Amino acid sequence: MAAATLQSVPQSQPGQGDEAPSAEDLAGQAYFDRIIAEDSRIEPRDWMPAAYRKTLVRQVSQHAHSEIIGMQPEANWITRAPSLKRKAILMAKVQDEAGHGLYLYSAAESLGTPRDVLNQQLLDGKAKYSSIFNYPARTWADMGAIGWLVDGAAIANQVPLCRASYGPYGRAMVRVCKEESFHQRQGFEILLELSNGTPAQKQMAQDAVDRFYAPALMMFGPPDDTSPNSKQSMAWNIKRFSNDELRQRFVGMIAEQVKVLGLTLPDPELRYDEETGKWIHAELNWQEFKDVIAGNGPCNAQRMARRREAHENGTWVREAARAYADKTAEKRAQRAAAEIGAA
């Protein structure tokens, strides 16, 4: 079992002056290790190692940020969608993404970090989100490529997270994955219709696939031998498969689906190796990946500027909600005091 391959908490280095763990911590650690070994679930009120909590806050909040930022490239196409049907479908999809962000922020909050802190980390540029959303959506066909490739990669990555060892995260992912399946089918259908349209429409679909293929493969993260967090996350049963394993599954899936579309993947090296049972694909540009993550992608500045603008424009809503909550609490306290006085 994965949990047995690594210590559940990285061991302290000798000579660093760390205090000896308390009896409560030792008992909590034993309980945590047993839950992980049994492939069961940790709940918010359970004892958990500080490193486990920190890892989850980082991963779940980044996932939430990605859902919120990911609304932007598609929302930009709602008014330009080619029909009322397409507008309605795209609006529903963007609304789903907002809901996913809310589920995930709630899961992150259950770990003890308030939502306003998580939001501020994003606005200050201290938190990351998925690199894929820093690429532009230039044509209507990009809505298809995002649905088929980006949401398809998300499904490959997120379905195993339904069994994540942290209960609120795993349960949130069940609904997220159901809705992402609709998003992928919607994207595939857009590309299928375009590929069976005019030569210009088919070329537009092919161009979109060409642009999003490599960035979609990078969504799974760097290769296993350079991934700083993957092994420990697997030891804790947060992740179930490594980055490269997930990437292999995804490549195998789209390599067959692209044939139905009548399009091609922009990878002349792509082939299935019968001896190893693995898909061989061209080396990805990991320097580009690092640059985008560092904030130097094509749309990083635009995405964050719009997020900050939306946050600023929503100030009055947050203030009104806070005032209403305070007023309601005050009335409740007055009623309680009156009832006590009457008694």
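This is a predicted model: local features need pLDDT of at least 70, side-chain atom pairs count only at pLDDT 80 or more; totals for chains, interfaces and linings use all residues.

Colleague: Fine. How many helices and strands does the chain have?

Modeller: The chain has 13 helices and 2 strands.

Colleague: And what does the C-alpha trace span along its principal axes?

Modeller: About 80 × 55 × 35 Å.

Colleague: How much of the chain counts as buried?

Modeller: Of its 343 residues, 45% are buried.

Colleague: What about contacts between residues at least 6 apart in sequence?

Modeller: Among those contacts, 76% link residues at least 24 apart.

Colleague: Let's talk helix packing. How do you describe a pair?

Modeller: Two packed helices are described by the angle between their axes and the distance between the axes.

Colleague: OK, take α2 and α7. What are the angle and the distance?

Modeller: Helix α2 covers residues 50-69, and it packs against α7 at about 25 degrees. Their axes are 13 Å apart.

Colleague: Is that roughly parallel or roughly antiparallel?

Modeller: Angles under 35 degrees count as roughly parallel, so α2 is roughly parallel to α7.

Colleague: Which residues make the contact?

Modeller: From α2, they are L56, Q59, V60, H63 and E67. From α7, they are Y169, M173, V176 and E180. By class, this contact of α2 with α7 has 5 nonpolar, 2 polar and 2 charged residues.

Colleague: Left-handed or right-handed crossing?

Modeller: The crossing of α2 and α7 is left-handed.

Colleague: Now α4 and α5. Where are they, and how do they cross?

Modeller: Helix α4 is residues 84-109 and helix α5 is residues 115-123. Their axes come within 9 Å and cross at roughly 115 degrees. The range 65 to 115 counts as roughly perpendicular, so α4 is roughly perpendicular to α5.

Colleague: Which residues touch there?

Modeller: On the α4 side, L102, Y105, S106, A108 and E109. On the α5 side, R115, L118, N119 and L122. The classes for α4 with α5 come to 5 nonpolar, 2 polar and 2 charged residues.

Colleague: And is the crossing of α4 and α5 left-handed or right-handed?

Modeller: That crossing of α4 and α5 is right-handed.

Colleague: Switching to single residues. Where is Q184 found?

Modeller: Q184 is in helix α7, residues 167-195.

Colleague: Is Q184 buried or exposed?

Modeller: Its relative accessible area is 13%. Buried means under 20%, so Q184 is buried.

Colleague: Which residues is Q184 in contact with, leaving aside neighbours within four places in sequence?

Modeller: Q184 touches G147, W148, D151, G152, I155, M253 and Q257.

Colleague: Next, T276. Where does T276 lie?

Modeller: T276 is in the loop between β1 (271-273) and β2 (278-280). At 49% relative accessibility, T276 is partly exposed.

Colleague: What lies 3.3 Å from a polar atom of the T276 side chain?

Modeller: The backbone nitrogen of K278.

Colleague: And how far is T276 from Q302?

Modeller: They are 26 residues apart in sequence, and 43 Å apart in space, C-alpha to C-alpha.

Colleague: Last one: A75. Which helix is A75 found in?

Modeller: A75 is in helix α3, residues 71-75. Its relative accessible area is 33%, so A75 is partly exposed.

Colleague: How far is A75 from K93?

Modeller: The two are 18 residues apart along the chain, and their C-alpha atoms are separated by 9.2 Å.

Definitions and conventions:
Residues are numbered from 1 along each chain as its sequence is written. Side-chain values use heavy atoms; hydrogens and water are left out. Helices (H or I, at least four residues) and strands (E, at least two) are DSSP runs, numbered from the N terminus. Buried means under 20% relative accessible area, exposed over 50%, partly exposed in between (1.4 Å probe, protein chains only). Contact means heavy atoms within 4.5 Å. A polar contact is a pair of N or O atoms within 3.5 Å; within protein, one must be able to donate a hydrogen and the other to accept it, and residues adjacent in sequence count only if both atoms are side-chain atoms. Axes are lines fitted to C-alpha atoms, for helices over the stretch in contact, and angles run from 0 to 180 degrees between N-to-C directions. Angles under 35 degrees count as roughly parallel, over 145 as roughly antiparallel, 65 to 115 as roughly perpendicular and the rest as oblique. A crossing is left-handed if the near helix is turned anticlockwise from the far one by less than a right angle, and right-handed if clockwise. Ala, Val, Leu, Ile, Met, Phe, Trp, Tyr, Cys and Pro count as nonpolar, Asp, Glu, Lys and Arg as charged, and the others, Gly among them, as polar.
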